[in-house]
Amino acid sequence: MGASSNRHSRWGLRTLGLGYLTLLLLAPLVMIFYKTFEHGLAPPIEAITSSDGLHALKLTLLMVAIAVPLNTIFGVGCALLLVRHRRRGSAIIDAVINLPFAISPIVIGLSLFLLYGAHGWFGPALAEAGIEILFSVPGMVLASIFVSLPFVVRETVPVLQEIGTEQEQAASTLGANAWQTFWRITLPAIRWGVAYGVVLTTARVLGEFGAVTIVSGSISGKTQTLPLFVEKQFQNFNLPGAYGASVVLALLALTTLLAMNVLKRKEDA
Amino acid sequence: MGITVEGASKRFGDFQALNDVSIEVPNGSLTALLGPSGSGKSTLLRAIAGLETLDGGRVLIDDEDVSKKPTQKREVGFVFQHYAAFKHMTVFENVAFGLKIRKMEKAKISARVHELLQLVQLDGLAERYPSQLSGGQRQRMALARALAVEPQVLLLDEPFGALDAKVRKDLRTWLRRLHDEMHVTTIFVTHDQEEAMDVAGQLVVMNEGRVEQSGTADELYEQPATEFVMSFVGEVNRLGEHFVRPHDMAVALDRDDGAEEAMVQRIVALGFEIRVEFVLGDGTEVWAQLTRAELQKLELREGQIVYLRPGQTKSFSGDVPPSQGQGASTPHGSRDGGDAEVSAAV
């Protein structure tokens with residue numbers, strides 16, 4: 001009887017968990033896929049292959065191509081600093097890194113706007129030098145980097161702590177300098193933590209809306225990323241266009257997750 | 001390549017790990033750093049390798065001051081207690097690591113690695129990953145990896161500490177043989193006095209960041225310089241000011257002048273050796289090591305009153321003249337009483 005009541009409660013928990021996920025996560029996603037292809041493939045394809053749609057897709061991928069490598073290099077370096085070279089002041093860095101998690105993206109966008117705007121600290125000087133930050137790609141890159149900055153650090157720190165320093169010390173006794181030790185010992189040991197951080201960073205940059213909206217001005221065909229494109233289509237009652245672009249975004253994110261799983265499986269085999 | 005450490009000091013926060021430590025390790029010797037945990041032995045070993053920087057003092061390898069040299073230039077082989085295996089590399093790649101760093105030709109690397117794997121009896125397991133090896137195999141791999149780069153000195157930090165008793169015994173016999181063949185100056189750290197005596201020709205006993213005494217196993221056992229060495233190297237009973245080895249306790253059934261009255265508390269048979277625990281009139285607990293034959297002759301049983309006569313006793317407090325073993329005399333714990341005396345009681 002104990003066993004059967006145990007089984008009942010297990011099934012109960014499982015049903016509850018699945019139900020929760022279905023209602024909150026899966027149902028909306030299924031809905032958008034359904035709505036997108038409700039009238040066949042043509043409308044969404046048409047929307048996404050319009051010149052503005054294609055430009056938005058390219059711009060989004062450009063954001064990923066710039067922000068993700070930069071945040072990966074910074075993230076790994078910062079994690080090494082926090083874990084291996086702990087000094088006074090590390091705790092402050094540790095806290096500051098979490099800021100993008102805590103602050104609403106729209107506030108981040110506004111603060112960038114103020115800093116680089118016509119009356120901001122850097123704005124006038126940069127304008128004189130002929131460098132445009134706001135309403136152009138550099139500002140959008142800055143916003144993307146800001147909002148996605150903590151992921152690689154946060155995923156790498158615990159892995160670095162877990163692997164400890166003995167392997168690195170062993171490498172140094174075998175004649176490896178700091179650089180060789182990093183490439184041959186440390187990086188291979190933390191690669192899955194870093195990879196997970198990269199996936200989360202990519203997903204965040206792909207989907208970023210709030211901060212980029214403010215600094216880009218969302219100019220069609222010029223400073224519009226896919227999420228901004230979706231919103232614009234939605235505002236203009238072009239629902240097939242909005243759905244189509246949403247599905248493309250969702251597929252990009254899913255591809256990133258799948259890529260990591262495939263790589264990991266290959267590694268484990 | 002001899003190793004000399006002069007006046008080494010190291011502090012971790014409030015903890016003085018090394019306090020003016022000097023040691024001399026002759027070329028080609030096999031030396032054990034022996035001491036309880038926290039005695040500074042591992043810190044000293046790591047300082048020789050450059051894995052710890054000293055606050056004061058210097059390290060010389062082959063008469064060259066290496067204190068300022070980074071680890072990777074000191075040409076030391078280091079073996080860690082928990083193996084420090086490169087988990088993402090095969091056994092072959094682990095052993096080849098130092099050779100690849102030195103940019104040796106591929107064919108030469110392969111030949112050298114297989115030669116070493118043969119030496120440590122792992123040749124069939126070259127393509128395995130560390131996670132597929134037992135603890136003893138991992139440690140042998142780590143040893144091959146350290147030896148691959150032909151280090152000037154070999155440093156082992158509690159190398160058998162994480163292994164079970166049987167494997168540990170095999171490996172230490174094997175390490176001693178390896179040293180006989182290779183003659184590379186070797187220092188190994190252990191907290192196990194039996195292991196130190198079994199493997200090493202030369203022992204350095206450490207306690208609380210200082211060297212208590214160095215010498216051969218016989219010297220330490222026969223002429224301990226301090227109370228600490230006496231009690232750490234070998235078993236000891238304390239009778240007031242005096243120390244006596246358990247095998248130096250004569251047990252008699254009849255009253256005897258100068259012998260101490262004691263009650264048998266417990267008799268433990270440990271194979272050939274019998275451990276008999278006594279309690280003296282003043283409550284002091286001592287024990288004697290007897291053979292099976294001795295025990296049978298005495299027919300001891302628990303609760304029985306017997307008379308103990310310590311053979312050779314030792315005292316480390318210079319101000320008290322040696323006397324017969326008396327449980328009642330006031331305990332006087334002086335650790336650094338330099339003038340140890342040996343007295344045959346009665």
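**Exercise 1.** How many residues lie between β15(B) and β16(B) in their hairpin, and which residue in the turn has a positive phi?

*Solution.* Before starting, note that this is a predicted model, where local features need pLDDT of at least 70, side-chain atom pairs count only at pLDDT 80 or more, and totals for chains, interfaces and linings use all residues. Residues are numbered from 1 along each chain as its sequence is written, while chains are lettered from A and ligands numbered from 1 in the order in which they are written.

Step 1: find the strands, which are DSSP E runs of at least two residues, numbered from the N terminus (helices are H or I runs of at least four). Here they're β15 (273-280) and β16, the latter covering 285-291.

Step 2: check the pairing, which takes at least two DSSP bridges. Seven bridges join these antiparallel strands; one partner of B:R275 to look for is B:Q289.

Step 3: look at the turn. Four residues sit between the strands, and B:G283 has a positive phi of about 95°.

**Exercise 2.** Work out the strand order of the open four-stranded sheet in chain B, and find its edges.

*Solution.* Step 1: the order is β2-β1-β4-β5, with antiparallel pairing.

Step 2: β2 (15-25) and β5 (64-65) each have a single partner strand, so one side of each lacks a neighbour in the sheet.

Step 3: go inside. β1 (3-12) and β4 (56-61) pair over five bridges, with B:V5 bridged to B:V59.

**Exercise 3.** Describe the side of chain B that touches chain A.

*Solution.* Step 1: count contacts (C-beta atoms, placed from the backbone, within 7 Å). 19 residues of chain B meet 15 of chain A.

Step 2: β6 (76-79) and α2 (91-101) of chain B each supply at least two residues of that side.

Methods:
Two residues are in contact if their C-beta atoms, placed from the backbone, lie within 7 Å. A residue is buried if 20 or more other C-beta atoms lie within 10 Å of its own, exposed if 12 or fewer, and partly exposed in between; C-beta atoms are placed from the backbone.
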